Amino acid sequence: MKKTVFVLSTTLLALLLGVVVFELLSIAVLTLKDRHYVGGRELLRREEGAFIGDVTRSGPNCQYIDTMFPHPYLAFVHHANPPCGMWYVNNIGLFGPDFPAEKRTDRFVILVTGGSVAAQFAQNYPTGPKYLEEVLNASYSSPTEKPFLVLNGGDGAWKQPQQAILFLLYSDVVDAVVTLDGYNEHYYTMGSVPLRFEYPAANFLMVNPLVDSRYDVVAGRWLLGRMVGYLSRNRLLSRSHGAVMFVRVLRSAIERLPAAGGERKTTLQSIFALPPEWDQQKRAEWSLGQYRKYIRSIDAMAADRKVFAAHFIQPCPAIGKRLTPEERAVVGDLSYAADYARMTDSLLGLRRDGTKIFSLLQLFHDVDHTIYEDHAHMKKDAHGESEGYRRMAIEMARTIAAEWGLKQRARN
């Protein structure tokens, strides 16, 4: 009996010592990597991302995937069903006011569409400020003299052609459309990136993983997402650097898994496969051509519906701002700068054909303090106010006012 107790006690002590050593080593490695100490809770928050952190406020045990709902045309939206649904999603599963079934006569309705940055910009939380709507109503009169109403047509991980599809669905009930994108899209304009970035339809994996032949990878990502969410909400483990290290090692291992074999001939990869003889440059050119096609399609539909249109390439940390140490700690790898710049130049070339497209890359060139909260999203205060999104709203309102001929309101 004494021997059994001794063995168990020794084993327990050894395990405890191993955990302590692993935690200390993790603190040392992560501190060296970031060049300064960062708490475990903050590191896990960065792993989760700002947009996902906002969306998963619904409940302590709810993860991002628990809020998602499959959509027949848009891949996925969100739901309001208990226990993890968000009570404030609208009638089509997005954020903000309901989308109308017919054109409103009491408002000048603008659809803002894009990915998670567009969703936050158009406001994805019920108590936050509606940046563009507020700026427009305070400074300009609409073409119909009715107050502006901005519909939120953005969501996390969305990329073209989801914006084009959304506008196609609701082009007959809005007066104007504004796209705000570029960051999500730049991945698939590089020509040699994973499928989940290269093709928007791959987002469907997040709500229907069985369509992919790589079961191991999909299951791993699903498990990893749940693990990060759980760790972030656990009082003890959320402070552990060892937990952060484990998440990063697991993420790296999952992404290195080879594609699963088998006899399946139709997979998501095969449906969207490009000719294998194409080199990276040709793949990138083809992808950019698709991006330009979606923008032109939106413009063609807007012209047919007599709807105003404008397109904005969103700012990114890699270009146009002197980053603060706080920003450098959260923005991630910035090696995409050259690709993003090439993509922007290509898209701005559409202006030669009359497309109203504008770059916001230099919006923060004169800002020396912290604007970015992570790899793409703007920092917000406790009340939801964001200097970054407010600056974007002012610049975008000024641009569309000039392009659409909006009259400036007289100052009181």
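Trainee: How many of the chain's 412 residues count as buried, as a percentage?
Mentor: The figure is 50% of the 412 residues. Bear in mind that this is a predicted model.

Trainee: What pLDDT does the chain average?
Mentor: The chain averages 82. At least 70 is the score for 74% of the residues.

Trainee: And over which residues is the pLDDT below 50?
Mentor: That is residues 192-216. In the model, this stretch still has 69 contacts beyond near neighbours in sequence.

Trainee: How many helices and strands does the chain have?
Mentor: There are 15 helices and nine strands.

Trainee: What share of contacts joins residues 24 or more positions apart?
Mentor: Take the contacts in the chain with a separation of 6 or more. Residues 24 or more positions apart account for 75% of them.

Trainee: Let's pick a helix. What span should α15 have?
Mentor: Helix α15 covers residues 387-404, which is 18 residues. At 1.5 Å a residue, α15 should span 26 Å. The C-alpha atoms at its ends are 25 Å apart, so the two agree.

Trainee: What caps its N-terminal end?
Mentor: Ser386 does. A side-chain oxygen of Ser386 lies 3.4 Å from the backbone nitrogen of Gly388.

Trainee: And just after α15, which residue takes a positive phi?
Mentor: Gly405, with a phi of about 70°.

Trainee: Which residues of α15 are buried?
Mentor: Among them are Tyr389, Met392, Ala393, Met396, Ala397, Ile400 and Trp404. Look at the spacing. In an α-helix, residues three or four places apart point the same way, because there are 3.6 residues a turn.

Trainee: Now α5. Which of its residues are buried?
Mentor: Helix α5 runs over residues 131-139. Tyr131, Leu132, Glu133, Val135 and Leu136 are buried there.

Trainee: One last residue. Where is Thr324?
Mentor: Thr324 sits in the loop between β7 (308-313) and α13 (325-328).

Trainee: Is Thr324 buried or exposed?
Mentor: Buried. Its relative accessible area is 9%, and the cut-off for buried is under 20%, so Thr324 qualifies.

Trainee: What does it touch?
Mentor: Leave out residues up to four places away in sequence. Thr324 then touches Asp368, His369 and Thr370. With Thr370 there is a polar contact, side chain to side chain, at 2.8 Å.

Key: Residues are numbered from 1 along each chain as its sequence is written. This is a predicted model: local features need pLDDT of at least 70, side-chain atom pairs count only at pLDDT 80 or more; totals for chains, interfaces and linings use all residues. Side-chain values use heavy atoms; hydrogens and water are left out. Helices (H or I, at least four residues) and strands (E, at least two) are DSSP runs, numbered from the N terminus. The expected span of a helix is 1.5 Å times one less than its number of residues. Buried means under 20% relative accessible area, exposed over 50%, partly exposed in between (1.4 Å probe, protein chains only). A polar contact is a pair of N or O atoms within 3.5 Å; within protein, one must be able to donate a hydrogen and the other to accept it, and residues adjacent in sequence count only if both atoms are side-chain atoms. pLDDT is the predictor's confidence in each residue, from 0 to 100. Contact means heavy atoms within 4.5 Å.
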